[in-house]
There are 2 protein chains.
Amino acid sequence: MKPVTLKEIAEQLNISVTTVSKALKDYPDVSKKTKGLVKELAKTLNYKPNTFAVNLRTKESKTIGLIIPVIVHHFFSNVIKGIISQAEKKGYLVIILQSNESYDLEKKQIDLLLSQRVDGIIISLANGTANFNHLNEVLAQDKPLVMFDKIAKIVKCSKIIIDDRKAAYTATQHLIDIGCKRIAHFRGALLPQNSIDRFLGYKKALLDNNLPYDPSLVYICECGDMSFEEGKKNAQLLLKDHNDVDGVFINTDLVAIGALTEFNKQGVKIPEDISVVGFSNWFMSSVISPTLTTIDQPGFKMGKTAFKQLYKEIKAIKNKKPKAPKIITLETELIKRESTRTI
Amino acid sequence: MKPVTLKEIAEQLNISVTTVSKALKDYPDVSKKTKGLVKELAKTLNYKPNTFAVNLRTKESKTIGLIIPVIVHHFFSNVIKGIISQAEKKGYLVIILQSNESYDLEKKQIDLLLSQRVDGIIISLANGTANFNHLNEVLAQDKPLVMFDKIAKIVKCSKIIIDDRKAAYTATQHLIDIGCKRIAHFRGALLPQNSIDRFLGYKKALLDNNLPYDPSLVYICECGDMSFEEGKKNAQLLLKDHNDVDGVFINTDLVAIGALTEFNKQGVKIPEDISVVGFSNWFMSSVISPTLTTIDQPGFKMGKTAFKQLYKEIKAIKNKKPKAPKIITLETELIKRESTRTI
DNA sequence: GATTTAAACGAAAACGTTTTCGATTTTGTT
DNA sequence: AACAAAATCGAAAACGTTTTCGTTTAAATC
């Protein structure tokens, strides 16, 4: 019942534990013959190295931590998938934690991962995170840290992002191109960098096209978790206060879908009355009615890239040649669908 | 830069490693005074026990493994969330692996988790899994194993399920109640137990209501990953071969949504021409048009329950009082929406 | 003051592996 | 046959913790 150890193999073969260990790892100073014997017996006994001992000895766990604001989320679950798929290729396991958009939890979880001694951490920040000591603590311990999507510019680690500003600019420009003159923006929470950048892209597009920027058309949501309900609520407010709006650029597809639902309910014609552009390209956006024009955000690729970068840094640190942090920007694409007019 | 160890604390305080260890764990044979000193120094030095060493010594990792067919999936990601949330409460970490509906991968991953020496495993089987040696191997090693949703009845472990048969019966009965006479069924893949049970529930409802069971109305999908495309394809086939069908019970919401999309495209009126019932209650189902009548499957609760059960078994085995496997059936609910007629 | 009891501490083994470095054996060379 | 070189092996330390059990010190009892 007890798992078999090197010692037992050694005893059965009347050789030392050292030789068994070396044989299994193909050290050059073990003869072909003993290597054969050891490997064979190891296989028949179904020997599996004790990870705990290996970890203790080698000081690495071949495990990384992943902290994510929400799991039930099309974009994030795609990222998870990307990370896991890539990690598996390199023999790494992934421990996943959900911060629930809470800074306090995020902090605790970083602590937990550090004391678990994972080899590296990938994180997308909670909306509420404004203090970065916990992240700097990771770097201080010489542990690789990679951020994606919701990042903190100020923390000196690698980041995998999209150009939120540019993508938002493109989205807004599209609304302008099809003739919208009064364009609202649902910007979601205040803090996260990508909220800010998307807002800035929206604003710049307006100004570049000589459209006035009207702050009352920008809807902020204090709720931590941006959601369907938020979209409905904002749509209601919008219809009540601004009946001249003919276009909306919305921070996230889920919110956009909430807005669409409310627009449909109130009999507002999309796209004839109002054109709507979302952000992220959730699968859902392609099946609702009308289908949603949006910005495709490559979640799976982002996950893969994040792990690849983390892996490089793990190796680099191990070889005592730490690399400078790298910022990788992935391409996005405007997906035109039914929720925006064609000219 | 090196992490601080018990030894360093001991040296600074001029006491033994033993006492330091005991002090931190509140052993009764350490004086209040030294406990105070030790704890204080530990805090100022930011001491974190080396998990590798603790694991090696205690033979447990406070980590469990989770194998899931697909991550980007409303139901499964809810389960993940449930498991993680519950695990966190008990101080357990969760390693997540995606089997991609592949038996081979699943087998490898079980192996990986065993050699990683996780304290227990939660799994939802791949569609292709018909051989259960890898699962019995887990039990043979005295590791707790809990299955959920896609289970194998034959494996003697705890299971968290819904009554698929009953739920499918309810769904089909609902179609019958609103007047459907020719009811088709998209049953998805052939192997998984819940596919079978849902089919049996469908069939029994027909027979109990004296409606003929027509095998040509049951659409099977060999594709491993049941999906949107499958729904579209089956809807096409259905419209081509059976223009008298007035109701469909579909295995999974995502497939149902594919079918709805196709029906909409071909101008088939839902629910006037055909009533549609899905299964799982994905969020998406409440926002598409028409909104989808479906069976609510409590993913989050399932995840929580699965971990709770696993936890009990971990404790039980630790105390040398292993418990008999338990099968827990969670309630489901029919959610009536626009895709089925009202009488 | 001698003895018993309780309180506080520590030495050492153990968990299973990896790796250094020295020892032994074998092979090759003259 | 003697020696050098190469090939093969193993002893032992180390990783950091937990826990058993014995030892010392302090307090309590007679």
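Chain A holds twelve helices and twelve strands, where helices (H or I, at least four residues) and strands (E, at least two) are DSSP runs numbered from the N terminus. The model is predicted: local features need pLDDT of at least 70, side-chain atom pairs count only at pLDDT 80 or more, and totals for chains, interfaces and linings use all residues. Residues are numbered from 1 along each chain as its sequence is written, with chains lettered from A and ligands numbered from 1 in the order in which they are written.

**Overall form of chain A**

The radius of gyration of chain A is 26 Å, while a compact globule of 343 residues would have one near 20 Å; the radius is taken over C-alpha atoms, and the globule rule is 2.2 Å times the number of residues to the power 0.38. Along the principal axes, the C-alpha atoms of chain A fill a box of roughly 90 × 40 × 30 Å. Of the 343 residues of chain A, 47% count as buried. A residue is buried if 20 or more other C-beta atoms lie within 10 Å of its own, exposed if 12 or fewer, and partly exposed in between, with C-beta atoms placed from the backbone. Of the contacts in chain A between residues at least 6 apart in sequence, 74% join residues at least 24 apart; a contact requires C-beta atoms, placed from the backbone, within 7 Å.

**Parallel strands**

Strand β3 (residues 120–123) of chain A runs parallel to β4(A), joined by three bridges, and I122(A) has V146(A) as its bridge partner in β4(A). Two strands pair if DSSP finds at least two bridges between them. On β4(A), L145(A) and M147(A) point one way, V146(A) and F148(A) point the other way, and all are buried. β4(A) also pairs with β5(A) in the parallel sense, over three bridges, and M147(A) stands opposite K159(A) there.

Strand β5 (residues 158–162) of chain A has five of its five residues buried. One side carries S158(A), I160(A) and I162(A), and the other carries K159(A) and I161(A). Four bridges join β5(A) to strand β11 (residues 327–330) of chain A, again in parallel, with I328(A) as the bridge partner of I160(A).

**Contact between the chains and the nonpolar core**

Chain A puts 32 residues in contact with 32 residues of chain B. On the chain A side, α4, α5 (74–89), β2 (93–98), α6 (103–116) and α11 (253–265) each supply at least two residues. That side has 18 nonpolar, ten polar and four charged residues. Ala, Val, Leu, Ile, Met, Phe, Trp, Tyr, Cys and Pro count as nonpolar, Asp, Glu, Lys and Arg as charged, and the others, Gly among them, as polar.

The largest nonpolar core has 168 residues, of which L66(A), V94(A), I122(A), L66(B), V94(B) and I122(B) touch the most other members. Such a core is a set of buried Ala, Val, Leu, Ile, Met, Phe, Trp, Tyr and Cys residues joined through C-beta atoms within 7 Å. Leaving out residues up to four places away in sequence, V94(B) touches I95(A), I96(A), I64(B), L66(B), I83(B), I84(B) and A87(B).

A residue is near a strand if its C-beta atom, placed from the backbone, lies within 6 Å of it. DNA strand C is surrounded by 24 residues, the closest being T5(A), L6(A), N50(A), A53(A) and S16(B). Elements giving two or more residues to this surface are α1 (6–13), α2 (17–24) and α4 (51–58) of chain A together with α2 (17–24) and α4 (51–58) of chain B. The most come from α4(A), with five residues. By class, nine residues near DNA strand C are nonpolar, ten polar and five charged.

Around DNA strand D there are 24 residues, and S16(A), D29(A), T5(B), L6(B) and A53(B) come nearest. Here the elements with two or more residues are α2 and α4 of chain A together with α1 (6–13), α2 and α4 of chain B. α4(B) gives the most, with five residues. The surface near DNA strand D has nine nonpolar, ten polar and five charged residues.

**Backbone exceptions**

Most residues other than glycine have a negative phi, and most peptide bonds are trans.

| Site | Backbone value |
|---|---|
| I270(A) to P271(A), cis | omega near 5° |
| S289(A) to P290(A), cis | omega about -5° |
| E101(A), positive phi | phi about 60° |
| D142(A), positive phi | phi near 65° |

P271(A) is in the loop between α11 and β9 (275–277) of chain A, and P290(A) is in the loop between β9 and β10 (294–296) of chain A. E101(A) sits in the loop between β2 and α6 of chain A and is buried, with 21 other C-beta atoms within 10 Å. D142(A), in the loop between α7 (133–140) and β4 (145–148) of chain A, counts as exposed, with 9 C-beta neighbours inside 10 Å.

Technical notes. Contact = placed C-beta atoms within 7 Å.
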